[in-house]
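Hi,

Here is the structure I promised to pass on.

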Amino acid sequence: DQAPRKAHSIAVIPGDGIGTEVTPEGVRALKAAAERFNIDLTFEDFDFASCDYYLEHGQMLPDDWKAKLSRFDAIFFGAVGMPEKVPDHVSLWGSLLQFRREFDQYINLRPCKLMPGIKSPLADRQPGEIDFYVVRENTEGEYSSIGGKIFEGTPRETVMQETVMTRTGVDRVLKYAFELARKRPRRKLTSATKSNGISITMPYWDERVKAMHGAYPEVAVDQFHIDILAANFVLHPDWFDVVVASNLFGDILSDLGPACTGTIGVAPSANINPEGDFPSLFEPVHGSAPDIAGQGVANPIGQIWCGAMMLDHLGHEDAGKAILDAIESVLAKADPGVLTPDLKGQGTTRDLAQAIIEAI
Ligand code: ATP
Ligand code: MG
């Protein structure tokens with residue numbers, strides 16, 4: 001028996017550098033999974049949110065980008081950046097950060113999963129021992145521009161910048177994290193704060209965790225200070241299942257987590273609007289990698305794994321898992337003719353993607 005076909009339209013934005021090399025492979029993997037699981041996916045390519053577009057038009061996005069992208073169910077994004085021609089703050093602020101704000105993608109989600117055949121920088125860690133998610137608040141918190149400078153240029157020079165937490169903003173990220181924890185076998189949520197040092201906003205976050213825990217009695221909750229939590233990412237990564245944190249702490253943990261799995265080059269990330277009022281965006285953690293762009297040797301796994309996260313988000317968890325299983329099976333075989341040079345092989349982007357697609 002096959003489930004009724006569900007249709008989803010996907011905007012594909014390759015961006016710059018290796019983004020243009022790995023996104024087509026990600027789309028091919030998605031098509032293979034869609035065929036196997038009878039999902040109706042349609043794709044449309046866009047050339048904006050790239051530095052080539054900027055060099056031609058003087059802006060990263062067309063004026064009507066929001067209308068153009070709003071009708072899609074998700075955005076499949078490659079990478080943006082061409083630092084030798086366009087400063088990073090221009091390319092980033094003019095594209096991804098606009099999407100994040102205008103599409104209210106208030107969740108940043110990153111899996112931290114040790115994959116077979118990839119060496120963790122942490123000694124003796126085996127696949128299965130590191131498998132958790134970092135959920136980062138993506139819209140408020142420490143990253144506010146409220147503050148100022150007084151007595152500039154004098155010995156009394158003083159600067160300050162405020163942290164903003166709203167009940168709506170805190171509760172919605174906690175709710176997402178509790179829901180995610182509830183669906184996972186271990187049902188464990190870890191919250192990162194620093195309530196002994198930051199005495200108003202961080203205790204507020206702790207309070208909201210306690211308040212929401214009442215609605216999720218089946219989830220076990222741990223609360224850690226960020227300093228010892230960071231240490232435990234390295235010492236005891238097997239303790240974690242779902243980790244939730246404010247914008248700044250989440251930013252740090254969502255780089256540290258994938259680093260512990262040795263996969264920062266092959267890791268995916270998602271910027272999610274859980275209600276589906278706006279499209280969510282899926283992009284690999286890596287950037288446009290100008291140093292290897294144009295050679296056809298970029299590792300496509302980060303992009304393909306993004307496709308798995310996108311299918312999860314669209315409600316096709318079986319298809320998402322099939323993509324992830326395919327990635328794991330190809331990595332476990334460790335065929336140097338297939339793996340790309342960053343994984344010590346001699347394969348091309350195409351070779352590695354093709355092996356994964358065949359496994360799907
Ligand atoms: P960002 O654009 O996010 O600031 P960055 O400029 O710091 O990122 P990347 O563009 O990710 O960094 O490149 C960092 C290094 O990792 C480079 O040497 C690059 O070649 C390598 N790298 C990144 N992604 C890949 C990939 N998919 N396959 C192989 N190597 C990669
Ligand atoms: Mg860069």
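This is a predicted model: local features need pLDDT of at least 70, side-chain atom pairs count only at pLDDT 80 or more; totals for chains, interfaces and linings use all residues.

Let's begin with helix H7, which runs over residues 201-213. It has 13 residues and reaches 19 Å from its first C-alpha to its last, close to the 18 Å expected at 1.5 Å a residue.

Which residues of H7 are buried? They are Met-202, Trp-205 and Val-209. These residues cover an arc of only 55 degrees around the axis, so they sit on the same side of H7. As for what lies against them, the buried residues of H7 pack against helix H6 (167-183), strand S8 (188-193) and strand S9 (220-225). Turn to the face of H7 pointing away from the buried side and you'll find Glu-207 and Lys-210, which are exposed.

Now the two alanines. Ala-289 isn't a glycine, yet it has a positive phi of about 45 degrees. You'll find Ala-289 in the loop between strand S12 (280-284) and helix H10 (301-313). Is Ala-289 buried or exposed? It is buried, because 21 other C-beta atoms lie within 10 Å, and 20 or more is the cut-off for that.

Ala-334 also has a positive phi, about 50 degrees, without being a glycine. It lies in the loop between helix H11 (317-333) and helix H12 (349-359). Ala-334 has 14 C-beta neighbours inside 10 Å, so it counts as partly exposed.

Cheers

Notes:
Residues are numbered from 1 along each chain as its sequence is written. Chains are lettered from A and ligands numbered from 1 in the order in which they are written. Helices (H or I, at least four residues) and strands (E, at least two) are DSSP runs, numbered from the N terminus. A residue is buried if 20 or more other C-beta atoms lie within 10 Å of its own, exposed if 12 or fewer, and partly exposed in between; C-beta atoms are placed from the backbone. The expected span of a helix is 1.5 Å times one less than its number of residues. The arc is that of the directions from the helix axis to the C-beta atoms. Two residues are in contact if their C-beta atoms, placed from the backbone, lie within 7 Å.
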